[in-house]
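Trainee: Before we start, I would like to know what stands behind the labels used for this model.
Mentor: Then ask about them one by one.

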Amino acid sequence: MVAAGIIFFVITAGLVLLGITQLLQKGKLLNNAWLYANEEERRTMNKKPYYIQSGIVFVMIGIQFLMLGFFTLTKMKLFLIAEFVILSLVVIYAVVSSIMIDREKKKEQRGKEA
């Protein structure tokens with residue numbers, strides 16, 4: 001079980017590092033909006049909100065893996081509960097932030113058309 005805990009901690013470190021690089025807007029943008037966008041959309045896209053969204057999600061998933069690692073090592077149900085709460089928050093954040101980014105994008109497009 002110690003090996004599994006160590007693996008979860010390594011995954012945590014990787015995800016938090018990836019999240020921080022996304023928050024700093026460095027490296028490749030790892031977001032569905034960018035990955036599925038065509039060339040025209042990529043040229044005109046404001047990438048900042050997508051970097052922030054991806055960064056927060058990666059950090060939160062990293063914290064979730066941290067809780068999973070602690071649970072694996074200690075078997076304390078508090079860590080398992082925290083993991084599920086964080087997972088729920090990640091899903092809620094991803095959905096709400098996507099809606100807000102889309103609204104802001106539509107508002108900017110209306111402003112350009114006027």
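Trainee: Why is lysine 106 called partly exposed?
Mentor: Buried means under 20% relative accessible area, exposed over 50%, and partly exposed in between, with a 1.4 Å probe and protein chains only. Lysine 106 has 43% relative accessibility, so it counts as partly exposed. A word on the source: this is a predicted model, where local features need pLDDT of at least 70 and side-chain atom pairs count only at pLDDT 80 or more, while totals for chains, interfaces and linings use all residues. Residues are numbered from 1 along each chain as its sequence is written, and side-chain values use heavy atoms, with hydrogens and water left out.

Trainee: What makes lysine 106 and aspartate 102 a salt bridge?
Mentor: The term requires a side-chain nitrogen of Lys or Arg within 4 Å of a carboxyl oxygen of Asp or Glu. The closest N and O atoms of lysine 106 and aspartate 102 are 3.4 Å apart. Both residues lie in helix α5, four residues apart, about one turn of the helix. Aspartate 102 is partly exposed, at 32%.

Trainee: How many salt bridges does this rule give?
Mentor: The count is three. Another one joins lysine 107 to glutamate 104, with closest N and O atoms 3.9 Å apart. Glutamate 40 and arginine 43 also meet in a salt bridge, at 3.1 Å from N to O.

Trainee: Why are glutamate 40 and arginine 43 about one helical turn apart?
Mentor: Because they are three residues apart in helix α3 (residues 39-44). A helix here is a DSSP run of H or I with at least four residues, numbered from the N terminus.

Trainee: Is arginine 43 buried or exposed?
Mentor: Arginine 43 has a relative accessible area of 62%, so it is exposed. Glutamate 40, at 43%, counts as partly exposed.

Trainee: Which residues make the nonpolar surface patch?
Mentor: Phe84, Leu87, Val91, Val95 and Ile99 make a patch of about 430 Å². Patch residues have over 30% relative accessible area and no salt bridge; nonpolar side chains (Val, Leu, Ile, Met, Phe, Trp, Tyr) are joined within 5 Å, like charges within 9 Å. Areas come from the Shrake-Rupley method with a 1.4 Å probe; for residues, only the protein chains shown count as cover. Phenylalanine 84 has a relative accessible area of 48% and is placed in helix α5 (residues 77-113).

Conventions: Helices (H or I, at least four residues) and strands (E, at least two) are DSSP runs, numbered from the N terminus.
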